[in-house]
Amino acid sequence: MQSPERITLFSRLAAGILAVCAILFVVSWSTFARQTDGMAVDVLDVGQGDGIVIRTPGQQTIVIDGGPSDDFSAEVSRKVPFYDRNIALLILTHPHEDHVHGLVNLLSDYHVERVALTGVVAQSETYSEFLRLIEQQHIPIDYVHRGKVYDFGERVSMHILAPIEDLHGKKVDDLNDSSIVATLQFDTIDFMFTGDAGENIEKEMLADGDPLDVEVLKAGHHGSRYSSSDAFLDAMTPDVALISDGKNNRYGHPHKELLDRLTQHHIPIYRTDLLGDIEVKTDGKTFTVSP
Ligand SMILES: [Zn+2]
């Protein structure tokens, strides 16, 4: 027969092992839960500009543009866990101030694995500083145009649709039309990010390939009347349109003609100037938009 002391010791040992098992179970479960959480796409309220943060189901961060202010890095940190300082891919659609400015601080605050840009020639102090920091940190650059594909695993991929031609080292008349246009696919849900590309580029994309059925469209050029043409909307058939624009901006974005066009196509509109940050969450089959 065992002594009462030995029984107590045995029960304590068993309780200890059970507690460790329970902790291991909770930790592994929460890790699993995080990895199967789905995808979040945040069009941040950066004022008049674009700044988009994507968290993939595998917890990778993708950033498209950085808005016109120094606050962007802090805004990104609200959307990613505090312990994650890694950005898998940083995309600059084109080197205008309202897209590149916030990326300078971001390069200092985060570890960026890869940068995608067109390499188009532009005279801008901010853009030069952005390129200098990339070089200083030895970050690999992809000079992208139509055809480039990124595979992020977990059924998530990104396809670059424009510019149609390689613009690396080239000068262009209108930097807006040099914008990187990309789709992001998670299973059956497709997003389209258009930078500030205008209807000329939309026409070129349509002429060069099959119409794409997307669920979520980030409307081109902050809701300009010269983007998101009827032909483009007919081909893309988006379920919702997101517009990234500043309150009372001096360009009059979004233009009334564009808002009317979207309404005629029965496409619900979400605007950062009215709603603040806009978040789209998806499990790859359905999606929700908030607020
Ligand atoms: Zn812009």
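## The seven-stranded sheet

Seven strands line up as an open sheet in the order S9-S10-S11-S12-S13-S14-S15, with mixed pairing. Strands here are DSSP runs of E with at least two residues, helices are runs of H or I with at least four, and both are numbered from the N terminus. Two strands pair if DSSP finds at least two bridges between them. At the edges sit strand S9 (149–153) and strand S15 (269–271), each of which pairs on one side only. Neighbouring strands in this sheet are turned by 15° against each other on average, direction ignored.

This is a predicted model, where local features need pLDDT of at least 70 and side-chain atom pairs count only at pLDDT 80 or more, while totals for chains, interfaces and linings use all residues. Residues are numbered from 1 along each chain as its sequence is written, and side-chain values use heavy atoms, leaving out hydrogens and water.

For a closer look, take S13 and strand S14 (residues 240–243), which pair in the parallel sense over three bridges. Here Val-216 stands opposite Val-240 in S14.

## Two helices with a buried side

Which residues of H5 are buried? They are Ile-201, Glu-202 and Met-205, where buried means under 20% relative accessible area, exposed over 50% and partly exposed in between (1.4 Å probe, protein chains only). Seen down the axis of H5, its buried residues fall within an arc of 105°, so they line one face of the helix. The arc is that of the directions from the helix axis to the C-beta atoms. A handy rule: an α-helix has 3.6 residues a turn, so residues three or four places apart point the same way. Lys-203 and Ala-207, on the other side of H5, are exposed. The cover over the buried residues of H5 includes strand S10 (156–162), strand S11 (181–186) and H6, with contact meaning heavy atoms within 4.5 Å.

Helix H7 (residues 256–264) has Leu-258, Leu-259, Arg-261 and Leu-262 as its buried residues. Their arc around the axis is only 160°, which puts them on the same side of H7. These buried residues pack against H6, S14 and S15, whereas Lys-256 and Gln-264 on the other side of H7 are exposed. After H7 comes His-266, with a positive phi near 55°.

## The eight-stranded sheet

Another open sheet has eight strands in the order S8-S7-S5-S3-S2-S1-S16-S17, and its pairing is mixed. Its edge strands are strand S8 (141–143) and strand S17 (287–290), each pairing on one side only. Within it, strand S1 (residues 39–43) and strand S16 (residues 278–282) run antiparallel and are joined by five bridges. Val-41 has Val-280 in S16 as its bridge partner.

## The zinc site

What holds the zinc ion? Its protein donors are Asp-98 (OD), His-99 (NE2), Asp-196 (OD) and His-222 (NE2), at 2.0 to 2.1 Å. Donors are N, O and S atoms within 2.8 Å of the metal (3.2 Å for Na, K and Ca); water is not among the atoms, so sites may look incomplete. In sequence, the donor residues follow the spacing D-H-x96-D-x25-H. Asp-196 lies in the loop between strand S12 (189–193) and helix H5 (199–208), and His-222 in the loop between strand S13 (216–218) and helix H6 (230–236), so the pair ties together parts that are 26 residues apart in sequence.

Asp-196 is buried, with a relative accessible area of 2%, and His-222 is buried too, at 1%.

Notes: Axes fitted to C-alpha atoms, helices over the stretch in contact; angles between N-to-C directions.
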